[in-house]
Amino acid sequence: MGSVSLKIGDGTARFRRASVCSSAVNILMLFSVVTTNLFALYAFSSSPKDHQDHLIHNPHKNISLISEHVSLILREIASSQKKLAKMEKELLGYETMDISRPNIASELKLFLQHHQLPLGKDSRTGITEMVASVGHSCEKSADLLSQYMVYKISGPCPDDWSLGQKLILRGCEPLPRRRCFAKSVPKVGLYRFPVSLWKPVSEKILTWSGLGCKNLECLNKKKLSRDCAGCFNITSGYETQKFVKARGKNDFLIDDVLALASGGIRIGFDISGGSGTFAARMAERNVTVITNTLNVDAPFSEFIAARGLFPLYLSLDHRFPFYDNVFDLIHASSGLDGGDRPEKLEFLMFDIDRTLRAGGLFWLDNFCCADDEKKTALTRLIERFGYKKLKWVVGEKVETAGSRKSEVYLSAVLQKPARV
């Protein structure tokens with residue numbers, strides 16, 4: 001029979017059915033109880049004969065002794081249950097969030113509590129109650145999470161989006177839902193699509209709280225990332241030339257890539273897509289692209305939406321919320337870099353492969369490798385998936401500042417094979 005628990009180890013609270021682990025734990029518990037009772041039986045039966053005669057003539061002492069033995073058995077059972085519960089958590093690899101702690105906000109307690117289904121047990125799944133989703137690392141940031149959940153019910157939400165993003169970047173994703181109204185900013189001066197793709201975005205409709213820069217001019221003077229230097233200037237500069245005019249051999253043109261596709265390109269996913277320029281270029285070619293981004297140092301999500309494009313507010317540590325084999329094309333650049341954690345990139349690559357259809361294209365665009373060793377490791381990882389190399393270019397660029405160290409850049413267009 002199915003059971004429901006707040007499962008934290010894989011990133012979300014979810015339904016959990018009885019498994020081999022739980023069966024083993026039940027057997028251990030049964031063995032412990034039987035052993036304890038046999039111990040008690042032995043204790044009764046091994047008493048010396050004169051002691052037994054003494055008990056017969058002293059019934060009150062006999063009852064007291066039995067009571068002590070029963071108490072001992074109950075204590076042994078309670079101790080065994082605690083040990084087995086600990087063993088079960090270790091076997092299953094998760095810990096439940098303790099919502100009984102005094103510093104947990106009442107709204108968070110209410111959200112995380114199990115809620116019975118209004119019509120009772122579901123006949124198809126066997127589920128009797130619903131459990132809310134919350135990221136596994138929220139347990140490590142319980143104080144911040146509780147602060148995030150302190151607000152006036154049905155009132156305006158606090159201006160704390162940066163706090164929520166801090167939790168997301170710490171792995172506390174998904175965040176719990178809240179019962180408050182987000183700040184509503186009038187979106188005036190928006191242009192109709194597709195004119196909106198390359199028209200200036202009004203600074204008044206963007207949220208600047210929690211950011212160092214308070215205007216677009218400031219943002220365009222900063223190098224926010226390898227892929228976003230002046231990327232908010234969509235009326236002049238290099239941003240207006242990206243993907244349609246190459247600056248080097250590593251820069252592929254959109255029309256050249258689309259010509260490589262079999263079956264056509266209709267929908268795509270842009271990972272860490274900056275201000276949405278890749279999605280804008282694809283929109284001009286009647287291709288719908290979702291852009292994954294966070295508002296790190298800049299209002300990326302609002303800016304992309306103002307251009308009439310689809311921003312997805314999601315970190316790369318979260319499993320992509322898409323079904324298998326849905327995208328015709330996935331575009332990514334140096335935002336994939338997992339730093340010194342190669343296993344992080346490996347998990348990410350498997351999720352990219354999962355959401356890309358057979359015959360679809362994976363466009364790796366100017367991925368920065370610190371050296372040849374990292375380029376070799378990335379190449380080996382890609383080759384494990386058996387993709388067909390339609391384009392593969394390795395080039396070097398020299399840093400314009402600092403040590404002027406040469407870096408290796410890999411650009412590739414790969415086609416996913418059909419696996420049986």
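Author: Here is a short chat about disulfides and salt bridges. This is a predicted model, where local features need pLDDT of at least 70, side-chain atom pairs count only at pLDDT 80 or more, and totals for chains, interfaces and linings use all residues. Residues are numbered from 1 along each chain as its sequence is written, and side-chain values use heavy atoms, with hydrogens and water left out.

Reader: OK. How many disulfides does the structure hold?

Author: There are 4. A disulfide here is a pair of cysteine sulfur atoms within 2.5 Å.

Reader: What does Cys157 pair with?

Author: Cys157 is joined to Cys180, with 2.0 Å from S to S. The two cysteines are 23 residues apart and link distant parts of the chain. Cys157 is in the loop between α5 (142-148) and α6 (161-169). Cys180 is in the loop between α6 and α7 (216-220). Helices (H or I, at least four residues) are DSSP runs, numbered from the N terminus, and so are strands (E, at least two).

Reader: Why is the disulfide of Cys157 and Cys180 called right-handed?

Author: Because the torsion about its S-S bond is about 100 degrees.

Reader: Are Cys157 and Cys180 buried or exposed?

Author: Cys157 is buried, at 18% relative accessible area. Cys180 is buried too, at 13%. The cut-offs are these: buried is under 20% relative accessible area, exposed is over 50%, and partly exposed is in between (1.4 Å probe, protein chains only).

Reader: Next one. What about Cys213 and Cys218?

Author: They form a disulfide, 2.0 Å from S to S. The torsion about that bond is about -55 degrees, so this disulfide is left-handed. Cys213 is buried, with a relative accessible area of 2%. Cys218 is partly exposed, at 26%.

Reader: And how far apart are the sulfur atoms of Cys228 and Cys231?

Author: They sit 1.8 Å apart, in a disulfide. Its torsion is about -45 degrees, so it is left-handed. Both Cys228 and Cys231 are buried.

Reader: What is the pairing of the bonded cysteines in sequence order?

Author: Numbered that way along the chain, they pair 1-3, 2-4, 5-6, 7-8.

Reader: Changing topic. How many salt bridges are there?

Author: The count comes to 16. A salt bridge is a side-chain nitrogen of Lys or Arg within 4 Å of a carboxyl oxygen of Asp or Glu.

Reader: Show me one. Which residue does Asp255 meet?

Author: Asp255 meets Arg285, at 2.7 Å from N to O. Asp255 lies in helix α8 (residues 254-258), and Arg285 in the loop between α9 (277-283) and β8 (288-293), so the pair ties together parts 30 residues apart in sequence. Asp255 is partly exposed, at 46% relative accessible area. Arg285 is also partly exposed, at 26%.

Reader: What else does Arg285 form a salt bridge with?

Author: Glu284, where the closest N and O atoms are 3.5 Å apart. Salt bridges that share partners join Asp255, Arg281, Glu284 and Arg285 into one network.

Reader: So where does Arg281 come in?

Author: Arg281 meets Glu284 in a salt bridge, 3.1 Å from N to O. Arg281 is buried, at 9% relative accessibility. Glu284 is partly exposed, at 38%.
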